[in-house]
Amino acid sequence: ARKFEGKVALVQGGSRGIGAAVVQKLASEGATVAFTYISSPAKADALVAQVQAVGGKALAIQADSSNADAVRQAVDATVEAFGRLDILVNNAGVLHLGALDDFKLEDFDRTIAVNVRSVFVATQAAARYLGEGGRIINIGSTNADRMPFEGGAVYAMSKSALVGLVKGLARDLGPRGITVNNVHPGPIDTDMNPADSDFASSLIGLMAVGRYGHASEVADFVAFLAGPDAGYITGGQHYIDGGFSA
Ligand code: NDP
């Protein structure tokens, strides 16, 4: 039997990049997967069709992660559609880089709302449905640990905030057999951080493995943490960054 047969997952921010790779990976191993998106309905629909084409089941839900009601409704809609919830992956994120002098407070607030608050809100809503063996996995960033360029202070703060959050949540949910972990990617080739940009060439020298990562490499690791062999891993920070933070 496939690893996630009978399991239901929700991926916050699943229409593109790392989130889309996670949707595909979990579905390919038998999970039914709901995912949210905000601005890419065509990409979301194409992903649903792609999963269905190989016999899987997926549902796209438009829900802005910065809107707490929309996040809660997405959790409820997943359970209404599929009857249960086993795995929550909080991947939605924004990257606002900017010089200190003119960094806008609205970008600060949006970063916190999407990268941090949505993780808490989704976790709170999902915890009502998750049972023994439940899994919560957040996509942080290696910038939680190492911030080697200018203009990234707010982004780094938002990702390091997840460190404390999962440590506490692991304590809250451990007694119920639910694990909570952060996966911290290094530079991954996506729309947010294309491997062929000038920015990318400035980062390559920072990795021990001198290349960008692939979204599928992050998805494979997320699927391991989401699976039955990872029940003793919780409250942890897991770097998949080609040695960026080494
Ligand atoms: P992309 O920008 O390529 O994709 C972001 C995804 O999140 C899209 O599906 C997007 O939906 C969704 N999303 C963004 N904002 C919202 C929102 N407010 N509400 C709902 N969905 C939203 O990003 P990546 O795949 O590169 O990044 C995914 C995560 O990984 C982020 O948390 C990022 O910080 C983190 N990360 C990325 C790294 C990288 O190098 N790429 C490195 C380390 C961490 P839509 O298509 O509708 O816009």
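The model is predicted; local features need pLDDT of at least 70, side-chain atom pairs count only at pLDDT 80 or more, and totals for chains, interfaces and linings use all residues. Residues are numbered from 1 along each chain as its sequence is written.

The ligand is surrounded by 31 residues. A residue is near a molecule or strand if its C-beta atom, placed from the backbone, lies within 6 Å of it. The closest are Gly13, Gly17, Ser40, Gly93 and Thr190. Helices (H or I, at least four residues) and strands (E, at least two) are DSSP runs, numbered from the N terminus. Helix 1 gives the most, with three residues. By type, the shell holds 12 nonpolar, 15 polar and four charged residues. Here Ala, Val, Leu, Ile, Met, Phe, Trp, Tyr, Cys and Pro count as nonpolar, Asp, Glu, Lys and Arg as charged, and the others, Gly among them, as polar.

Strand 5 covers residues 135-139, and five of its five residues are buried. A residue is buried if 20 or more other C-beta atoms lie within 10 Å of its own, exposed if 12 or fewer, and partly exposed in between, with C-beta atoms placed from the backbone. In a regular strand the side chains alternate between the two faces of the sheet. On one side of strand 5 are Arg135, Ile137 and Ile139. Ile136 and Asn138 are on the other. Both faces are covered.

Strand 5 has parallel partners in strand 4 (residues 87-90), over four bridges, and in strand 6 (residues 179-185), over five bridges. Two strands pair if DSSP finds at least two bridges between them. Ile87 stands opposite Arg135. Ile136 has Val180 of strand 6 as its bridge partner.

Lys3 lies in the segment before strand 1 (8-12). Lys3 counts as partly exposed because it has 16 C-beta neighbours inside 10 Å. Leaving aside neighbours within four places in sequence, Lys3 is in contact (C-beta atoms, placed from the backbone, within 7 Å) with Glu29, Gly30 and Gly227. Lys3 and Ser28 are 25 residues apart in sequence, and their C-alpha atoms are 9.4 Å apart.

Key: Contact = placed C-beta atoms within 7 Å.
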